[in-house]
Amino acid sequence: MQLNRHINMFGADLQQRYGEKIHKLTLHGGFSCPNRDGTVGRGGCTFCNVASFSDEAQQHQSIAEQLARQAKKANRASRYLAYFQAYTSTYAEICLLRDMYQQALSQADIVGICVGTRPDCVSEPVLDLLSDYCHQGYEVWLELGLQSANDKTLKKINRGHDFACYQATTLAARQRGIKVCTHLIAGLPGESLNDNLETVARVVETGADGLKLHPLHIVTGSTMAKAWQAERLTALGLEEYVQRAGEMIRYTPVDIIYHRISATARRPTLLAPLWCENRWLAMNAIEKYLIKMGNQGSALGQSFIPCGVMAE
């Protein structure tokens, strides 16, 4: 599989810029979420069960211990990005965030940080802190969970913010030189391929440096799980997800970096779609789709040049 020949992939971009493989090491900072504790809402997003993407036991280890543990698993790299992934990783007092981020950046093999959060939880002091790391020469990515640009969908999934909030945060971050990676979900209830393409268009118009695509996962402990068990909700089949993801990629400008084009989960946490247990199924199928239909940017009339290939 050679996705980087068809998509501007994050791994290939990092390797070209740093001259070696750079791996992400996921961290749990023990953060909460304002959409669970009542600050914004209760119950969280209807699709959410954080156990599907984070190790709860991890939060009891120090940042240094977590990085050392994760680095042992990434034996093909010697330098890393520290990825604050679980829950809302800017949802704390700025002094605590500064201490936690600095613990990660103080490790000799760390080249930067990625911070996963919500658009409504990125204050001016947080942006100033991340901007300062940019000025120090670190690789800094602010990863914003948007999921959809459709306000009706955002309300339906109990997201707790609207698209305008995402726009304001993205513009404020990019004005400070902070790179923004936007998370999108294909397969949200009521959304079609055209809705997904409209989301991509609005995100691109706002300005984004990276994208992450995920199929909707129906997981235990989520509100959607109850609807799925009552047969009021269905999950995307592999073929339909491949078409949606493939078209979203084809309508993405070639300069935007894809950090991920699918995602995995495991039973018993994962209820549907079960093809998401195999991380390669969707990626291999998307590569074949793009070979047939055209590379990233092709629907916009753009020519994609893989990393390391000189334009004629």
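Which residues form a positive surface patch here? The patch is made up of Lys21, Arg76, Arg260, Arg266 and Arg279. Patch members have over 30% relative accessible area and no salt bridge, with like charges joined within 9 Å. Lys and Arg count as positive, Asp and Glu as negative, while His and the chain ends are left out.

Some ground rules: this is a predicted model, with local features needing pLDDT of at least 70 and side-chain atom pairs pLDDT 80 or more, while totals for chains, interfaces and linings use all residues. Numbering runs from 1 along each chain as its sequence is written, and side-chain values use heavy atoms, without hydrogens or water.

| Residue | Location |
|---|---|
| Lys21 | loop between α1 (10-18) and β1 (22-27) |
| Thr220 | loop between β7 (218-219) and α8 (223-229) |
| Glu287 | helix α10 (residues 279-293) |

Lys21 is partly exposed because its relative accessible area is 37%, and Thr220 gets the same label at 29%. The cut-offs: buried is under 20%, exposed over 50%, partly exposed in between (1.4 Å probe, protein chains only).

Thr220 and Asn49 are 171 residues apart along the chain, yet their C-alpha atoms are separated by 7.0 Å. Beyond four places in sequence, Thr220 touches Asn49, Ala225, Pro268, Thr269 and Leu271, where contact means heavy atoms within 4.5 Å.

Glu287 is buried but has no salt bridge, meaning a side-chain nitrogen of Lys or Arg within 4 Å of a carboxyl oxygen of Asp or Glu. Leaving out neighbours within four places, Glu287 contacts Met1, Gln2, Leu3 and His6.

Terms used: Patch = residues over 30% accessible without salt bridge, like charges linked within 9 Å, V, L, I, M, F, W, Y side chains within 5 Å. Areas by Shrake-Rupley, 256 points an atom, 1.4 Å probe, with all protein chains shown as cover. Charge placed at Lys NZ, Arg CZ, Asp CG, Glu CD. Helix = DSSP H or I, 4+ residues; strand = E, 2+ residues; numbered from the N terminus.
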